[in-house]
Amino acid sequence: MKKKHYTIFMFLSFLIGFSQVESEQKQQTQSPFLFNPENLDQNSKDLSAIYKAMANYYKGVEKANTALLAKVFHSDWFMRDTETQHKGSLHVESKQKFIRRVADHGPYHGYAKDRKFASIGLANDNIAFVRVNKTGATSFFLYKLDGEWILMDKLWATIDLDNTQWDGYEYSNVQELLHSYFEAVQNSNQKILNQLLHSEWDKKILNHQNNYSVIDKKTWLKNLKTNPYPSDPIKLVSTDLYNGKLAIVRVDFTEESTTTFFICFKMNGQWTIAGERTTIGS
């Protein structure tokens, strides 16, 4: 195994605790100490705004308030889930279709009942990963655009009541998927990447100037050699696994202050990457 590939494998083989590196620009204007009042004030405002956006989402669905949903969803918002008739397919629903379905159905009474925030993860002060628990778990991504937090994605996986298999062994399968992915990226192997990425894969990016862009699979593969990943050490920070079918993996490139969340689904027994959510620091 080549040394650089082995290094990536080793970094992806261990869960490493949360480590967020602030951008150089913010270090010039903010104290480096997390406990200083200005930092505490900004963090409190961000968390409050994220909670408010999530509350408005659930209120919008429960009361069929389509105007509220139109406001909290970004135009590129999509829901991805495994509620399909075929195990090899992925259900993908756009903002427009979701809102139309809610309007046609009318109020979803009890939709928000007993939902609880399980976790909120932040990176570069402009991307949030939110997990909400009920019977199962649902995850959301939010981006901070023009000073406002807005929903970009909803992700969930169905529960198989007849499946008592423990999810633990799937962690290594997801890890192997990402190892293959990074190896293919380094080698600009479009053939392998085409197999690893879902047909509706996309990458939503916030750069260090807080400008938002989205790129589809075909365009990204075409320009692979001109859009390399940072070459600095990779840290696998966390892996959230849902019902053995959905995994959301956070990877940090610490020297670049870059964080990428990988959205992975298991279909027909194979794991595939369905999207990336990236924030680029300094």
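Two rings of Phe, Tyr or Trp count as a pair if their centres lie within 6.5 Å. I start there because rings come up several times in this talk, and a pair of them is described by the distance of the centres and the angle of the planes. With that in hand, take this group: Y57, Y58, F73, W77, F98, Y108, Y111 and F140 form one aromatic cluster. Please keep in mind that this is a predicted model.

Two members of that cluster, Y57 and Y58, bring us to helix α3, where both are buried. Helix α3 covers residues 37-62. With 26 residues at 1.5 Å each, α3 should span 38 Å, and its end C-alpha atoms are 37 Å apart, so the two values agree. The buried residues of α3 also include N39, D46, I50, A53, M54, G60 and V61. An α-helix has 3.6 residues a turn, so residues three or four places apart point the same way. After α3 comes A64, with a positive phi near 55°.

Now the chain as a whole. How many helices and strands does the secondary structure come to? There are eight helices and twelve strands. The chain has 282 residues, and 46% of them are buried. Its accessible surface is about 14,800 Å², and carbon and sulfur atoms account for 51% of that. If we take contacts between residues at least 6 apart in sequence, 57% of them join residues at least 24 apart.

Next, the sheet. Six strands make up an open sheet with mixed pairing, and the order is β8-β7-β12-β11-β10-β9. Which strands are at the edges? They are β8, residues 212-216, and β9, residues 234-242, each of which pairs on one side only. On average, neighbouring strands in this sheet are turned by 15° against each other, direction ignored. Inside the sheet, β7 (residues 197-206) and β12 (residues 270-280) run parallel and are joined by six bridges.

Just after α6, S188 takes a positive phi of about 50°.

Back to rings. The whole structure holds 22 aromatic pairs. In one of them, Y181 and F262 have ring centres 5.3 Å apart and planes at 75°, so this pair is edge-to-face. Why does this pair tie together separate parts of the chain? Because Y181 lies in helix α6 and F262 in strand β11, 81 residues apart in sequence. Are these two residues buried or exposed? Y181 is buried, with a relative accessible area of 0%, and F262 is buried with a relative accessible area of 0%.

A further pair is W201 with W220, which is tilted: 5.1 Å centre to centre and 45° between the planes. W201 sits in strand β7 and W220 in helix α8, residues 217-222, so to speak two distant parts of the chain linked by the pair, 19 residues apart. Both W201 and W220 are buried.

That is what I have.

How values were computed:
Residues are numbered from 1 along each chain as its sequence is written. This is a predicted model: local features need pLDDT of at least 70, side-chain atom pairs count only at pLDDT 80 or more; totals for chains, interfaces and linings use all residues. Side-chain values use heavy atoms; hydrogens and water are left out. Helices (H or I, at least four residues) and strands (E, at least two) are DSSP runs, numbered from the N terminus. Buried means under 20% relative accessible area, exposed over 50%, partly exposed in between (1.4 Å probe, protein chains only). Contact means heavy atoms within 4.5 Å. Accessible areas come from the Shrake-Rupley method with a 1.4 Å probe; for residues, only the protein chains shown count as cover. Two strands pair if DSSP finds at least two bridges between them. Axes are lines fitted to C-alpha atoms, for helices over the stretch in contact, and angles run from 0 to 180 degrees between N-to-C directions. Rings of Phe, Tyr and Trp (its six-membered ring) pair if their centres lie within 6.5 Å; planes under 30 degrees apart count as stacked, over 60 as edge-to-face and the rest as tilted. The expected span of a helix is 1.5 Å times one less than its number of residues.
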